[in-house]
Number of protein chains: 2
Amino acid sequence: MNNGQPVNRSWHLASRPQGDLQPENFELRESAMPQPGKNQFRIRTLYLSLDPTHRLWTREKASYMPSVKLGEVMRGFTMGVVESSNHPGFPTGAIVTGVLGWEAYSISDGSGFVNRVEMDPRLPLTARFGLFEHIGLTAYFGILDLLHPKVGETMLVSGAAGAVGSVAVQIGKIMGCRVVGIAGSDDKCQWVKNELGADAVVNYKQKSWRAALATACPTGVDTFFDNVGGECLEAVLDLINMKARIAMCGAISQYGKDDQMVGPPNIYNLLNKRAKLEGFIVLDYAADKRWWAKAHDDMTQWYLQGRMKYKLDIVDGLENAAQAVTKLFNGTNTGKLLVKVAEEPARH
Amino acid sequence: MNNGQPVNRSWHLASRPQGDLQPENFELRESAMPQPGKNQFRIRTLYLSLDPTHRLWTREKASYMPSVKLGEVMRGFTMGVVESSNHPGFPTGAIVTGVLGWEAYSISDGSGFVNRVEMDPRLPLTARFGLFEHIGLTAYFGILDLLHPKVGETMLVSGAAGAVGSVAVQIGKIMGCRVVGIAGSDDKCQWVKNELGADAVVNYKQKSWRAALATACPTGVDTFFDNVGGECLEAVLDLINMKARIAMCGAISQYGKDDQMVGPPNIYNLLNKRAKLEGFIVLDYAADKRWWAKAHDDMTQWYLQGRMKYKLDIVDGLENAAQAVTKLFNGTNTGKLLVKVAEEPARH
């Protein structure tokens, strides 16, 4: 296929997963280098973000987005640099992020949430995926728009060592809450407590974790930022206070179950406690330019003030993407999982 | 016990129910006529309201209220007339409602949501239980505070032939919604459609009811007033639109299940649809005097304008209460179930 011509490489969805995502669900293919048409531009991918939500996109049934079809390039959040452009809004050299594909080069006309990255130069490019985009901003909007935390309240965060959860823990502290994390290993718990500042952390893989959670929340739970669903959501529903708010950010415990998902049998405790369970998707907030900008300002300031950290887990090489994505489901990932696809250009 | 002295009669909780409430869970006892102490008054019960929520109150575990203890007088919403008083706020002859007991006479100091009934004289006293109190006002606040219906949206109501549901259907129509009811018999469905004005009604006891429900909601479901929970909630979660709102008013399908309750496995559709599920209890709204009064005004006006109907199912005699309550759970009740305990006094 190559013959000395420049090529693109892209991961295609080869089969629908049974259970968690497996490397064999994807197939790496080469193709001719794509050329931008009218009002289009070509992006050289720098980083590919690997996210739990990929599991939802590979289901037969649509989730909050259409499913990826068999044979299609796998969808992903990416950051890249424009290297050939017929679009005045996206000139050569511009850094962009977008919902594009697991591929070395993408063609875009600016649709699909493709945006130019304008970021404080004191922040590294990769901070984009630690603090902003579908990671930090998910935590930000989930907490500020849905949870409305009050000073002194108890906020619970599941998946607290994950990319979104780790930011949620820190925003909870900035909001003045007592923050309790739930994570899946002692190492993760240590990190969430010692580095992110959670007041308590519970390892949900330990047998008596539900009792430990109750002990860690002596005055009950006022708000819950849930990335996990399933038994985790059930455990928390037993502990909620009157007028509790639960933001359903994700349900990674259920993503592999397709038609065997389990709902919490104590969901009716929402009635007893006059409480609220609400789902949200960060992409919806992009339409509110002012709030979106405010979120970027707040997150940037918190980071520069040293009140906000993030951790990256960078895997080198697009060819390793299908293997790397399994880390999200087998518990071996801490922080934001990225695939480095190409070297960053010098920043101006 | 009698010996010519006036006596009280009261139903006591004799055993905790397995499954639905049964007559043998209650025991009728006689006792000496209670005398009001300082700042107390005695109420002669006129009507006892029988409600699905009684099943929750008889559980071992507290719900939104403490459980009734074994041997205690069974708790109930009642209407009565003050016939002996040491309390200036509740003079002899005053009509009151309150959360009191399944009994012929109650002693009160005004706590326990006991309020004097001030009602438009054009309305019969029993309208109190059709349109106001924990029935009509539950529908009112659930819809206006939680569902925020918009003109032209599709509103679903489960338990649509029940006391609360039948009011919810009519408020939905007044708000300009396309209202679809779910009920448990063809007769009930006819009543909800022909008398209450629902645009469509589905009988959930028919085999293909979930398909019928989807057909009845061709543009999906924007709001759902749920009295039933369980499979009903699950069916609706499959049909919700973006930003749908669900008010969890009750879950009668689950009340008899105690620790065998089932949560909807598709609860995660709240995430896909950025939707909200929220519990509420009407008694909370009593603290907001202005809104409470507005609700009474609205309901009274709608009734007098002929836009709001209610149906009563009145069983005669306190001694029949324990048998009558089973009607709520075996599907033989339509409209508001009341026990007439004593004759109404003439109104002034």
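Two strands pair if DSSP finds at least two bridges between them; strands are DSSP runs of E with at least two residues, helices are runs of H or I with at least four, and both are numbered from the N terminus. We're working on a predicted model, where local features need pLDDT of at least 70, side-chain atom pairs count only at pLDDT 80 or more, and totals for chains, interfaces and linings use all residues. Residues count from 1 along each chain as its sequence is written, while chains are lettered from A and ligands numbered from 1 in the order in which they are written.

**Exercise 1.** Find out how β13 of chain A meets β13(B).

*Solution.* Start with the strands: β13 (residues 276-279) of chain A and β13(B) run antiparallel, joined by 3 bridges. Then look across: Leu277(A) sits opposite Leu277(B).

**Exercise 2.** Describe the side of chain B that touches chain A.

*Solution.* First count contacts (C-beta atoms, placed from the backbone, within 7 Å): 27 residues of chain B touch 27 residues of chain A. Next, find who contributes: β13(B) gives the most, with 4 residues. Finally, sort by class: 15 nonpolar, 7 polar and 5 charged residues. Here Ala, Val, Leu, Ile, Met, Phe, Trp, Tyr, Cys and Pro are nonpolar, Asp, Glu, Lys and Arg charged, and the others, Gly among them, polar.

Technical notes:
Contact = placed C-beta atoms within 7 Å.
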